[in-house]
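Subject: Structure handover, with notes on its ligand site, cavities and pockets

Hello,

Please find the structure below.

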Amino acid sequence: MSEVKILLSEKELPKQWYNIQADLPKPLPPVLHPGTGKPIGPDDLAPLFPMDLIMQEVSQERFIDIPEEIQDVYKLWRPSPLVRAYRWEKALDTPAKIYYKWEGVSPPGSHKPNTAVAQAYYNKKAGVKRITTETGAGQWGSALSFACNLFNIECKVYMVRISYDQKPYRRIMMETWGGNCVPSPSSETNAGRKILEQDPDSPGSLGIAISEAVEVAAQNDDVKYSLGSVLNHVLMHQTVIGLEAKKQFEMVGDYPDVVIACVGGGSNFAGLALPFARDKIVDKKKIKIIAVEPTACPTMTKGLYRYDFGDTACTTPLLKMFTLGHDFIPAPIHSGGLRYHGMAPIVCHLYDLGLIEAVAYHQNPVFEAAVSFARAEGFIPAPETAHAIRATMDEALKCKESGESKVIVFNNSGHGHFDLASYQKYLGGELEDYEYPDEKIQESLKKLPKIQGEM
Ligand SMILES: Cc1ncc(COP(=O)(O)O)c(C=O)c1O
């Protein structure tokens with residue numbers, strides 16, 4: 001057995017993020033104003049984000065420098081290991097070579113601080129006093145609380161009610177780092193109060209929580225909003241993952257045939273995949289890139305590629321994305337972070353261009369793969385991550401049948417230490433598979449905004 005952990009030194013930490021907008025074969029469709037339906041400019045976003053982040057959102061530069069202050073924080077856990085899963089390969093009896101990029105080593109336990117730290121830094125630089133955000137599973141809220149604390153900014157998190165109830169420890173993490181977390185829908189905002197009037201027991205959704213966080217930022221000059229996924233600048237901050245992985249593969253003389261990650265809003269997928277997608281676009285490398293989602297929230301596999309709002313109250317700009325409709329209320333499955341109705345425009349664009357693939361899995365096979373991985377490799381993955389693990393397992397089992405020794409890499413986006421209730425349900429045989437009914441999707445899709453020239 002040669003090296004298990006392929007490690008880079010701190011000196012080898014990437015000094016720039018990669019912006020795929022510079023290499024796209026066709027530019028991204030424009031972001032539209034929710035009122036006029038016309039393309040928006042940087043000034044339209046200024047109430048919500050600091051200008052440095054807005055400029056990154058629209059930048060066409062291929063590489064953007066990572067400020068030293070951000071690199072210094074990254075060094076608390078980066079570069080993260082690329083691990084060869086020898087033991088799992090053996091357990092699966094596959095000739096495939098399986099690698100994973102291990103993002104669970106960050107203080108909050110996921111990939112999320114790669115952008116949280118960057119966003120807190122640029123907000124601080126712009127004099128912002130408080131940041132509002134939403135969180136699903138609590139990974140993002142805890143990452144932003146961690147980052148805001150380092151840059152001395154207040155952090156307010158609207159946490160999807162169902163996760164708030166299921167995962168009290170995530171809230172306590174946020175509070176330990178000084179963040180303030182309330183369940184969403186809350187009675188603190190117009191958007192929250194409106195939902196509560198209709199349904200006092202609403203389990204919440206990321207779309208509702210975004211409406212609340214955006215409302216507070218839009219109404220206060222010294223408050224800005226931060227999103228943990230979906231937007232171009234967020235995906236770009238995550239590319240440190242793939243940039244490191246490419247160097248690590250060079251060190252061992254390998255290169256992936258298959259790149260896999262789960263998708264909620266698309267950020268950990270993009271983080272690993274975009275630097276490899278560049279090789280596919282520019283150098284015509286033959287790589288299969290797979291995005292994995294739950295059947296309970298099948299955004300890419302069953303949604304439509306249309307303009308839609310990012311939130312339920314219809315306040316955000318319109319993004320062209322695969323969507324299940326902005327009023328989609330997901331079933332309470334255990335992957336809180338994968339229950340978003342939309343998807344990052346960059347990921348959708350790549351899917352539309354045929355550069356990446358998408359698959360959907362039920363909860364039970366996902367947890368089966370997570371347990372198989374944990375019993376071989378030790379680490380217990382987050383339920384979100386386990387979707388990528390299921391797809392990896394299937395690719396490895398296909399290699400067993402064909403006898404091919406493909407190189408597969410997946411993004412191990414976070415640990416599952418706060419998700420043990422879901423493991424308990426799986427191990428007790430109580431976890432239910434759920435397929436979102438087609439009629440419900442069609443109902444939500446009927447409410448998509450009408451955009452001229454579309455459809
Ligand atoms: C561990 C983990 N992986 C993946 C995701 C999905 O988000 P994204 O698609 O933005 O990476 C989440 C979201 O909360 C998460 O916590």
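Which helix gives the largest share of the lining of the second largest pocket? Helix H9 does, with four residues.

Before the rest, two remarks on how to read this. The model is predicted, so local features need pLDDT of at least 70 and side-chain atom pairs count only at pLDDT 80 or more, while totals for chains, interfaces and linings use all residues. Residues are numbered from 1 along each chain as its sequence is written, and side-chain values use heavy atoms, with hydrogens and water left out.

Terms for the spaces: on a 1 Å grid over the protein atoms alone, a cavity is a set of points where a 1.4 Å probe fits but cannot get out. A pocket is an open set with protein on both sides within 12 Å along at least five of seven lines, and lining residues have an atom within 4 Å of a point. Points are joined across faces, edges and corners, and a volume is the space filled by probe spheres set on them. Helices (H or I, at least four residues) and strands (E, at least two) are DSSP runs numbered from the N terminus.

Pockets

The second largest pocket holds about 340 Å³ of space. Its lining has 15 residues, with Ala191, Ile195, Gln198, Thr312 and Ala313 nearest the centre. H9 (190–198) and H10 are the elements that give two or more residues to this lining. By class, the lining has six nonpolar, five polar and four charged residues; here Ala, Val, Leu, Ile, Met, Phe, Trp, Tyr, Cys and Pro count as nonpolar, Asp, Glu, Lys and Arg as charged, and the others, Gly among them, as polar.

The largest pocket has a volume of about 580 Å³. Of the 36 residues that line it, Val31, Ile40, Leu45, Glu57 and Leu319 lie nearest its centre. Helix H2 gives the largest share of this lining, four residues. The lining divides into 26 nonpolar, seven polar and three charged residues.

Cavities and ligand

Two cavities of 30 Å³ or more turn up in a search of the whole structure.

Around the ligand are 18 residues, the closest being Ser229, Gly264, Ser267, Asn268 and Ser413; a residue counts as near if one of its heavy atoms lies within 4 Å. Helices H13 (267–282) and H17 (383–402) each supply at least two residues of this shell. The shell has four nonpolar, 12 polar and two charged residues.

- His111: 3.0 Å from a ligand oxygen atom.
- Ser267: 2.8 Å from a ligand oxygen atom.
- Ser413: 2.7 Å from a ligand nitrogen atom.

The protein covers 97% of the 390 Å² of accessible area that the ligand has on its own (Shrake-Rupley method, 1.4 Å probe).

The second largest cavity has a volume of about 60 Å³. Helix H11 (residues 232–238) gives the largest share of its lining, four residues. This lining has six nonpolar, six polar and no charged residues.

Regards

Note on methods: Polar contact = N/O pair within 3.5 Å; in protein donor to acceptor, adjacent residues only side chain to side chain.
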